[in-house]
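Visitor: I have a model open and some questions about it. Can you take me through them?

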Amino acid sequence: PKNKDDTPFTGTEANRPAVQAIWELFMIAYEGYFGFTCSTLLCIYQIPESIPYFAYSLFPLYLYKYYALTRKGVGAVNEEVHKAKTQSVLFFFLPCYGGYCVWDLLERMGYLQ
């Protein structure tokens, strides 16, 4: 592969401090996401009334994730993996969290009892 200025890409680019710092930042975010998922499950189990708040916080995040996945030039190198991620967000996460948000709003407004 070549860089933007047509110079050959060397594997030593990954050893640069800036690349290492960005990698560590992404790993922190990934571990935080795992921690958030675990804490969400614990809260839902201990305090079922907290379910709507998690749905309201996760629905916009998955809307943005879907937006990011559908942008041109963004996504996985493997097209099948990218398609599977996009479809899981579109057909599972958005209906799940979005549906719960709609359901909760209708209950709060008195339409479902």
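Visitor: Where is the place of methionine 109?
Guide: This is a predicted model, where local features need pLDDT of at least 70, side-chain atom pairs count only at pLDDT 80 or more, and totals for chains, interfaces and linings use all residues. Residues are numbered from 1 along each chain as its sequence is written, and side-chain values use heavy atoms, with hydrogens and water left out. Helices here are DSSP runs (H or I, at least four residues; strands are E, at least two), numbered from the N terminus. Methionine 109 sits in the segment after helix H3 (79–108).

Visitor: Is methionine 109 buried or exposed?
Guide: Buried means under 20% relative accessible area, exposed over 50%, partly exposed in between (1.4 Å probe, protein chains only). Methionine 109 has 54% relative accessibility, so it counts as exposed.

Visitor: What accessible area does the nonpolar patch with Met109 have together?
Guide: Patches join residues with over 30% relative accessible area and no salt bridge: like charges within 9 Å, nonpolar side chains (Val, Leu, Ile, Met, Phe, Trp, Tyr) within 5 Å. Areas come from the Shrake-Rupley method with a 1.4 Å probe; for residues, only the protein chains shown count as cover. Val102, one of the members, lies in helix H3 and is partly exposed at 49%. The patch on the surface, which also includes Trp103 and Tyr111, comes to about 720 Å².

Visitor: Which side chain does aspartate 104 meet in a salt bridge?
Guide: Side chains of opposite charge can pair when their charged atoms come close. A salt bridge is a side-chain nitrogen of Lys or Arg within 4 Å of a carboxyl oxygen of Asp or Glu. The whole structure has one. At 2.6 Å, N to O, the partner of aspartate 104 is arginine 108.

Visitor: Which residue of that pair is buried?
Guide: Both lie in helix H3, four residues apart, about one turn of the helix. Arginine 108 is at 52% relative accessibility, so it counts as exposed. The buried residue, at 6%, is aspartate 104.

Visitor: At what angle do H2 and H3 pack?
Guide: Axes are lines fitted to C-alpha atoms, for helices over the stretch in contact, and angles run from 0 to 180 degrees between N-to-C directions. Helix H2 covers residues 51–70, and its axis is 8 Å from that of H3. The angle is about 145 degrees.

Visitor: How many helices does the protein have?
Guide: From the N terminus on, the elements run α-α-α. There are zero strands. The count of helices is three.
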